[in-house]
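I begin with the aromatic residues and then turn to one helix and the core.

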Amino acid sequence: NERSVVANAQDDIRRAANYTRLSEKEHQRNENALRHLAEFDATFSRGHWDQDKLDQAVDDLKNIVENNPVSAEDRDILRDDLERLRDFRARHGN
């Protein structure tokens, strides 16, 4: 299921955040990514492609990977999610 790419990224962001004490800025990065992924998924589930929301979510996840304090294992998982989202965008984007 194509939507699982989005759902997996959301789950992995939440899981990584549960094991780390985040500053307000770091927490905001997570919230932005989760919000943009949810907004993209809501429109995608109705058959609409929202390139802007997906682009924002990809950028948000990139910011988390590059700046938030997460374990090495979680960073690798989030990097994989980022690549899957980029591949998804390349395959289906307009």
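**Notes on the aromatic cluster, a helix and the core**

1. The residues F40, F44, W49 and F88 form one aromatic cluster. Please keep in mind that this is a predicted model, and that a search of the whole structure finds 6 aromatic pairs in it.

2. Within that set, the rings of F40 and F88 have their centres 6.0 Å apart, and since their planes stand at 85 degrees, beyond the 60 degrees needed, the pair is classed as edge-to-face. Because F40 belongs to helix α2 and F88 to helix α4, this pair ties together parts that are 48 residues apart in sequence.

3. Turning to helix α3, which covers residues 51–67, I compared its length with expectation: at 1.5 Å a residue its 17 residues should span 24 Å, and the C-alpha atoms at its two ends are 24 Å apart, which agrees. The buried residues of this helix are L54, A57, V58, D60, L61, I64 and V65. Seen down the axis of α3, these buried residues fall within an arc of 165 degrees, and they therefore line one face of the helix.

4. What do the buried residues of α3 pack against? Their partners are α1 (3–18), α2 (24–44) and α4 (72–92).

5. The largest nonpolar core has 22 residues, and those with the most contacts inside it are I13, L61 and L85. The elements that give two or more residues to this core are α1, α2, α3 and α4, and of these α3 gives the most, with 6 residues.

6. If its neighbours within four places in sequence are left aside, L61 is in contact with I13, A33, L78, D81, L82 and L85.

Definitions and conventions: Residues are numbered from 1 along each chain as its sequence is written. This is a predicted model: local features need pLDDT of at least 70, side-chain atom pairs count only at pLDDT 80 or more; totals for chains, interfaces and linings use all residues. Side-chain values use heavy atoms; hydrogens and water are left out. Helices (H or I, at least four residues) and strands (E, at least two) are DSSP runs, numbered from the N terminus. The expected span of a helix is 1.5 Å times one less than its number of residues. Buried means under 20% relative accessible area, exposed over 50%, partly exposed in between (1.4 Å probe, protein chains only). The arc is that of the directions from the helix axis to the C-beta atoms. Contact means heavy atoms within 4.5 Å. Rings of Phe, Tyr and Trp (its six-membered ring) pair if their centres lie within 6.5 Å; planes under 30 degrees apart count as stacked, over 60 as edge-to-face and the rest as tilted. A nonpolar core is a set of buried Ala, Val, Leu, Ile, Met, Phe, Trp, Tyr and Cys residues joined through side-chain atoms within 4.5 Å.
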